[in-house]
Amino acid sequence: MTTDTEEKIVVLVNGIPASGKSTLTRALAEQFGFPVLTLDSLKEPFMASFAPVDRLRNRQLGCAAYQAIWQVVAQAPTRCIYVIDAWFGFQPKAVLQQGLQQAGVTRVLELWLAITPDDAVARYQARLTDRMPGHPGAEYLPELHKLAETAQPMALGPVLQLNARNPDQAAACAWLQRQLRLPISAQPALSASG
């Protein structure tokens, strides 16, 4: 989907690992028809090719995937709006700002999934067996708990904070529709439970 503006807009779906970014991203893409870029979808094919992947290689591949995201956005038409699913805090904010600038992004909207440390640990632990080898395992849980205590949105534009325990997808879609000034006909009809 595109808008009638010449702005280059990205929608950041941001939150620490296990905060529910992928679920929200899928809902937004389905409702609005936006193309999606996710850090994991770019990184994981390389993880499979270079297996086994340790923590250092995982981070290197994550940084490379992050750069690839901005190269894709840079090549997109000005009116194309990408939804980008990533934990943007894994690198300094200046790296994000540089990527946005290089991609020609003029406007950033952010959906922040706030999660408690205990919820983040429980969710991450529950999906350990479902994650591709090469992602951090159970040894990451104490680090994740500390991360959840301090993580914040990037706040490079308007931010909508959602409770990761039960994110209101309808509110997220309505907020995005208002921010993008999309016609009412483009406004989705989701239930509050998503």
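I looked up the largest nonpolar core first: of its 57 residues, L28, W70, V73, I84, F88, L111 and L176 touch the most other members. A nonpolar core here is a set of buried Ala, Val, Leu, Ile, Met, Phe, Trp, Tyr and Cys residues joined through side-chain atoms within 4.5 Å. Buried means under 20% relative accessible area (1.4 Å probe, protein chains only).

I noted that this is a predicted model, where local features need pLDDT of at least 70 and side-chain atom pairs count only at pLDDT 80 or more, while totals for chains, interfaces and linings use all residues. Residues are numbered from 1 along each chain, and side-chain values use heavy atoms, with hydrogens and water left out.

Next I checked W70. Leaving aside neighbours within four places in sequence, W70 is in contact (heavy atoms within 4.5 Å) with L12, I84, F88, L96, G99, L100 and A103.

Then I turned to the helices, which are DSSP runs (H or I, at least four residues) numbered from the N terminus. The axes of α3 (residues 55-75) and α4 (residues 93-103) come within 8 Å and cross at roughly 25°. I therefore call α3 roughly parallel to α4 (angles under 35 degrees). I took axes as lines fitted to C-alpha atoms over the stretch in contact, with angles from 0 to 180 degrees between N-to-C directions.

From α3, I listed Y66, Q67, W70, V73 and A74; they meet V95, L96, G99, L100, Q102 and A103 in α4.

Last, I looked at Y66 in α3. Y66 is buried, at 0% relative accessibility. Not counting residues up to four places away in sequence, Y66 touches L39, F88, F90, Q91, V95 and L96.

Note on methods. Buried < 20%, exposed > 50% of the residue type's maximum accessible area, 1.4 Å probe, protein only. Helix = DSSP H or I, 4+ residues; strand = E, 2+ residues; numbered from the N terminus. Parallel < 35°, antiparallel > 145°, perpendicular 65-115°, else oblique.
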